[in-house]
Amino acid sequence: MNVWIAIAATAVGCYLVKYAGLLVPAHALERPLVQRLAALLPVALLAALTAQQTFSTGQTLVLDARAAGLAAAALALVLRAPFLVVVGAAVAVTAGVRALGG
């Protein structure tokens, strides 16, 4: 029963946050600073999530095959490879390093 209460509270909270966003005046959203932040915030959050998932296991920092896969993906992005090639390079390098015992 406690799980359902938590789910309902989360759903209500999400709805209230979305509703609060609708109450923001339009002129406040048209400011250049707000527009820059809105453009950069998803990128920063995704980068933080990627770093956390790549370099940590539980409470410890690790440097393993995932880091090699991330480096391969970064290299593919620098070379302007298509998205599927970037993902494929990351998967292949990560699997290769793990197969070699890393």
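Guide: Over residues 37-55 the chain is 100% helix and 0% strand, with the end C-alpha atoms 26 Å apart. Please bear in mind that this is a predicted model.

Visitor: Which residues does UniProt list for "transmembrane region"?

Guide: The UniProt record, an unreviewed entry, lists residues 6-25, 37-55 and 67-97 under that name.

Visitor: And how much of residues 6-25 is helix?

Guide: That span is 85% helix and 0% strand. Its end C-alpha atoms lie 31 Å apart.

Visitor: How many helices and strands does the chain have?

Guide: There are five helices and two strands. Starting at the N terminus, the elements run α-α-α-β-β-α-α.

Visitor: What radius of gyration does the chain have, against that of a compact globule?

Guide: The chain has 20 Å, whereas a compact globule of 102 residues would have a value near 13 Å. Along the principal axes, the C-alpha atoms fill a box of roughly 55 × 45 × 25 Å.

Visitor: What share of the residues count as buried?

Guide: Of the 102 residues, 12% count as buried. As for contacts with a separation of 6 or more, 29% of them come from residues 24 or more positions apart.

Visitor: Now the helix packing. At what angle do α3 and α4 pack?

Guide: Helix α3, residues 32-55, and helix α4, residues 65-78, pack at about 140 degrees. Their axes are 8 Å apart.

Visitor: Which residues meet there?

Guide: From α3 they are T50, Q53, T54 and F55, and from α4 they are R66, A67 and L70. The residues of this contact divide into three nonpolar, three polar and one charged.

Visitor: Which residues does T94 touch, sequence neighbours aside?

Guide: Leaving out residues up to four places away in sequence, T94 touches A65, R66 and G69. T94 itself is found in helix α5.

Visitor: Why is T94 classed as buried?

Guide: T94 has a relative accessible area of 14%, and buried means under 20%, so T94 falls in that class.

Visitor: Let us turn to A72. Where is it found?

Guide: A72 is in helix α4. At 15% relative accessibility, A72 counts as buried.

Visitor: What does A72 touch?

Guide: It touches A89, A90 and V93, again not counting residues up to four places away in sequence.

Visitor: Where does R80 lie?

Guide: R80 is in the loop between α4 and α5. R80 is exposed, with a relative accessible area of 76%.

Visitor: What is the phi of R80?

Guide: The phi is positive, about 60 degrees, although R80 is not a glycine.

Visitor: Why is V87 called partly exposed?

Guide: Its relative accessibility is 36%. Buried means under 20% and exposed over 50%, so a value in between is called partly exposed.

Visitor: How far apart are V97 and L22 in space?

Guide: Their C-alpha atoms are 48 Å apart, and the two residues are 75 apart in sequence.

Technical notes
Residues numbered from 1 in each chain as written. Predicted model: local features only at pLDDT ≥ 70, side-chain atom pairs only at ≥ 80, totals over all residues. Heavy atoms only, no water. Helix = DSSP H or I, 4+ residues; strand = E, 2+ residues; numbered from the N terminus. Buried < 20%, exposed > 50% of the residue type's maximum accessible area, 1.4 Å probe, protein only. Contact = heavy atoms within 4.5 Å. UniProt positions renumbered as here; feature names shortened; annotations may be inferred. Axes fitted to C-alpha atoms, helices over the stretch in contact; angles between N-to-C directions. Nonpolar A, V, L, I, M, F, W, Y, C, P; charged D, E, K, R; others polar. Rg over C-alpha atoms; globule rule 2.2 N^0.38 Å.
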